[in-house]
Amino acid sequence: MPSLFDSLKHLLSSFITGTAYEEYSRQYPSCFFLRVPLLVYLDHVFPCLAVEDVICLRRVNKAFYLITHEPSIWLRFLSRMNHHPVIYLRPTFDYTNPDTYYEAEQLVTRTISLDDNWRDSNSKVITRMLFETHYEVLEMSLLPGGKYMIASVKDKSSYRYYLMLYILDHPSGPAAIARIPTHAKTFHLQTRYMKYNGTWGIVITCTRRRFANGGPLNINLSELSHEHPVDVPPYFTEVLVYFTSMEVLEEISDPNLVWGSPEHIQKVQAHPGGPFRLCTTLEVAEGEIQDIATFDNDGTPWIAVVTRDTYISFFSCGPQRQIILKCADHPGFWAQTIKGILPLPKQKQILVVRQCIELENEEWAIELYDFPTEHAIQTPTHYIIVRSDLPPDSLLKVRISEPLFFEPSPNFPKLQTQPLPPLSIYFESRNPYGLMHYSLWPMYEPTADGGVKYIPKYIVDPTPPANGTTPEWAYERDVARTHYAHQTCHVTDPQVVHILPGNYRAVYYTTSEDDRRASPSIMRLRRYHSPETQKIEYPVRPEDNSSAFMRTERPYLPSGLYGTIDIKPQDDDVFSKGVNAVAWDESIGRICIAVEGELGIRILDMAMNVEPDNRFAGWKQQMSQEIVEQDCWHTKDCIHSRSIPGWWEHWFGSRRRQ
């Protein structure tokens, strides 16, 4: 910077004409902060600021508004956060890509907003939107992170049926980006981020009913409920597994694209068959499919299907291979029905929840079986009786949350080490109607530095040996009992409860006991916060470190674990007409609801989220070019502060702007 003498010497001619003050202000701007090199802000200033400070600094001028969107700032916040549940992004996310790095900021601000709202005793829907799909949605599944959604849809005349792939977070707004005809209604819809033939993508599993010999013309299987067997001419159930590559999805959902533009149409036409690829099919001729699960087994997608009360069929989506496991019967019960399964591939076991009915009572059991290598009849290696002495036929449904083990791409920053998520099991029951929550925590072992290393393995009590108990068995049982616990029991009678599971956060809605329709009306929409009641020996999760990146501490956890979600009256009126499907993502607080007869999806977000649009992208490009051309970070002439209201009047008075 030149000395004061040099400056005055340069401005001597201006003093004669009386314009020295204005000329000096032009050469030495009021925005002294912008004379500091950019890297000083990114590497030394912003790491010392809280999230609120960065947001306030963004309001100073356009230049600060621009640099506070720099992804490195928000990635530092992201790596220091320990808000639960664990933040999950698609495995191919690249924060160095300038087209998508805005998502890092969205994650930080959205996670904080959701946590504040969830801890509030009166949780509410912050933003709501009606997304027109032009099809009636029958079932849907959100991918972790809430950006992509798969839906089973039909046209208004119930003649055409499709699987639709939607993107919900895009600068141009939500849109359908792919579809594939299924010729019949698909249900038991499941979606996973998974590798297939070494390529990351989305694996979609669904089922459909079809007549064995054409069937009568006056019966449409797709219009019948899939919750129960139907008395119609012979039909079979078919399992379909599709795969779509993330590389193709990232190309089609480029945030720079404008929906319907020539560039967008050209990219879509570059994939004439669409991104969906059929991996495998399986026909089930005997009985209904009671439950289904998709999992990764040594890099290959596998499907587990419950076809009869005690049988589980495993089949591979790679080389054709099928294995059948029969769960051994417990003596003394006349009915032993599998109500829920969850494969645990990292420990080579499968978790099974069974309903065991005697003449006058009923028991609920959680069991663990080893993955079979061939057709086998097995007894559980571990099991525990969760409830007993219940009236027969009390258990309606079992919902199991799947713990997600984050596998970031090489271009994703290292996040703070957090404990692995628990495995939550929710029991929907009647007599009376209610909900029970049970949690299994992962195992752990102490480390040399006094910390804890978590192991992705979940256990319950070991099965007693046939020849009597041993000290080794007693020790394993005592260890196992520190890794599971009953959490809550909530009675909703006379209303029926329907849970949307989550490891830490769950949403449930209630319907009338007398409403037996396939699309019942929602009476109440509520949130559930897990208390995480643990044995004293189990290490609790790390203390909240919000003070490291926020001005204020987090609100206290609510004393009321169950709370009604405040929604708009117009949505409440629509939900009373009947709901086809509901989807929930606990990491971002997004609820998607499809109303019967409505050609759209109602998206309810419980966190504040702002999507960048094309105007910001264009302005950002223009500002970046100006800053480079004018060298604002190393020279004295900066014009970007002039956007502040009152800036000119403060420095130049009421003179006319040049």
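Arg387 lies over the face of Trp364, 5.6 Å from the ring centre. For a charge to sit over a ring, NZ of Lys or CZ of Arg must be within 6 Å of the ring centre and within 35 degrees of the ring normal. This is a predicted model: local features need pLDDT of at least 70, side-chain atom pairs count only at pLDDT 80 or more, and totals for chains, interfaces and linings use all residues. Residues are numbered from 1 along each chain as its sequence is written, and side-chain values use heavy atoms, with hydrogens and water left out.

**Charges over rings**

**Aromatic pairs**
- Rings of Phe, Tyr and Trp (its six-membered ring) pair if their centres lie within 6.5 Å; planes under 30 degrees apart are stacked, over 60 edge-to-face, and the rest tilted.
- The count comes to 14 aromatic pairs by this rule.
- Trp118 and Trp584 make a stacked pair, with 5.6 Å centre to centre and 25 degrees between the planes.
- That pair links distant parts of the chain, 466 residues apart: Trp118 is in helix 8 (residues 102–119) and Trp584 in strand 29 (residues 579–585).
- Helices (H or I, at least four residues) and strands (E, at least two) are DSSP runs, numbered from the N terminus.
- Trp118 and Trp584 are both buried; buried means under 20% relative accessible area, exposed over 50%, and partly exposed in between (1.4 Å probe, protein chains only).
- Tyr242 and Phe276 form an edge-to-face pair, at 6.2 Å centre to centre and 80 degrees between the planes.
- Their positions are 34 residues apart: Tyr242 is in strand 8 (residues 235–245), and Phe276 is in the loop between helix 10 (262–269) and strand 9 (277–284).
- Tyr242 counts as buried because its relative accessibility is 5%.
- Phe276 is buried too, with a relative accessible area of 5%.
- Ring pairs also join Tyr426, Tyr508, Tyr528 and Tyr562 into a cluster.

**Around Lys348**
- Lys348 lies in the loop between strand 14 (335–344) and strand 15 (349–357).
- Its relative accessibility is 37%, so Lys348 counts as partly exposed.
- Beyond four places away in sequence, Lys348 touches Asn297, Asp298, Tyr369, Asp370 and Phe371; contact means heavy atoms within 4.5 Å.
- Another polar contact, of 3.2 Å, joins the side chains of Lys348 and Asp298.
- A polar contact is a pair of N or O atoms within 3.5 Å; within protein, one must be able to donate a hydrogen and the other to accept it, and residues adjacent in sequence count only if both atoms are side-chain atoms.
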